[in-house]
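Open your viewer and have the selection panel ready.

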Amino acid sequence: MSSCLFCRIASAEIPAKVIYQDAAVLAFEDVNPQAPLHCLIIPRRHIASLNDLTPEDTGLVGTMQYRAAMLAKERGYGERGYRTIFNCQADAGQTVFHIHLHLLAGRSLGWPPG
Ligand code: AMP
Ligand code: ZN
């Protein structure tokens with residue numbers, strides 16, 4: 001989808017600090033980090049929000065979550081802990097309408113979230 005920011009990052013049309021990529025997903029550093037490690041894991045294929053998932057996407061979402069866990073562990077946060085978050089629509093604060101899994105680590109994260 002040519003007008004989508006994260007599709008343009010996935011196709012390397014817009015630069016990002018990519019830390020992992022394969023045929024299905026891409027992970028890159030968030031431009032406005034909220035923790036020492038804050039990256040976003042996205043599918044290469046455009047999916048606007050969690051509301052648009054189909055039964056065929058369940059494996060893809062699992063792949064995204066698995067990659068977040070591997071990245072956190074590789075960076076030494078496995079024992080200490082980390083958080084993964086999908087924001088969906090306005091009340092959750094979704095601003096980019098291409099699904100993305102936030103991975104945050106490296107500081108104590110409050111609960112409940114604001
Ligand atoms: P959300 O509010 O869940 O939709 O999250 C969108 C995230 O994308 C925010 O944390 C932004 O800081 C991040 N973001 C926006 N534009 C870029 C960009 N060009 N490169 C990296 N991260 C971005
Ligand atoms: Zn997109």
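Start by selecting Cys 7, which counts as buried at 10% relative accessibility (buried is under 20% relative accessible area, exposed over 50%, partly exposed in between, with a 1.4 Å probe and protein chains only). Before moving on, note that this is a predicted model, where local features need pLDDT of at least 70, side-chain atom pairs count only at pLDDT 80 or more, and totals for chains, interfaces and linings use all residues. Residues are numbered from 1 along each chain as its sequence is written, chains are lettered from A and ligands numbered from 1 in the order in which they are written, and side-chain values use heavy atoms, with hydrogens and water left out.

**Stop one: the zinc ion.** Now show ligand 2. This zinc ion is coordinated by Cys 4 (SG), Cys 7 (SG), His 46 (ND1) and His 98 (ND1), at 2.1 to 2.3 Å (donors are N, O and S atoms within 2.8 Å of the metal, or 3.2 Å for Na, K and Ca; water is not among the atoms, so sites may look incomplete). Along the chain, the donors are spaced C-x2-C-x38-H-x51-H. Cys 7 sits in helix H1 (residues 5-10) and His 46 in the loop between strand E3 (37-43) and helix H2 (58-74), so the pair links distant parts of the chain, 39 residues apart (helices, H or I, of at least four residues and strands, E, of at least two are DSSP runs, numbered from the N terminus). His 46 is partly exposed, at 26%.

**Stop two: the core.** Which residues have the most contacts inside the largest nonpolar core? Select Leu 37, Cys 39, Ile 41, Met 64, Leu 71 and Leu 103, from a core of 16 residues (buried Ala, Val, Leu, Ile, Met, Phe, Trp, Tyr and Cys residues joined through side-chain atoms within 4.5 Å). The largest share, 5 residues, comes from H2.

**Stop three: helix H2.** Among the buried residues here are Leu 60, Met 64 and Arg 67. Just after H2, find Gly 76, with a positive phi of about 90°.

**Last stop: salt bridges.** There are 3 in the structure (a side-chain nitrogen of Lys or Arg within 4 Å of a carboxyl oxygen of Asp or Glu). Select Asp 57 and Arg 45, whose side chains meet at 2.5 Å, N to O. Asp 57 is buried at 3%, while Arg 45 is partly exposed at 46%. Finish with Arg 8 and Glu 13, whose closest N and O atoms are 2.9 Å apart.
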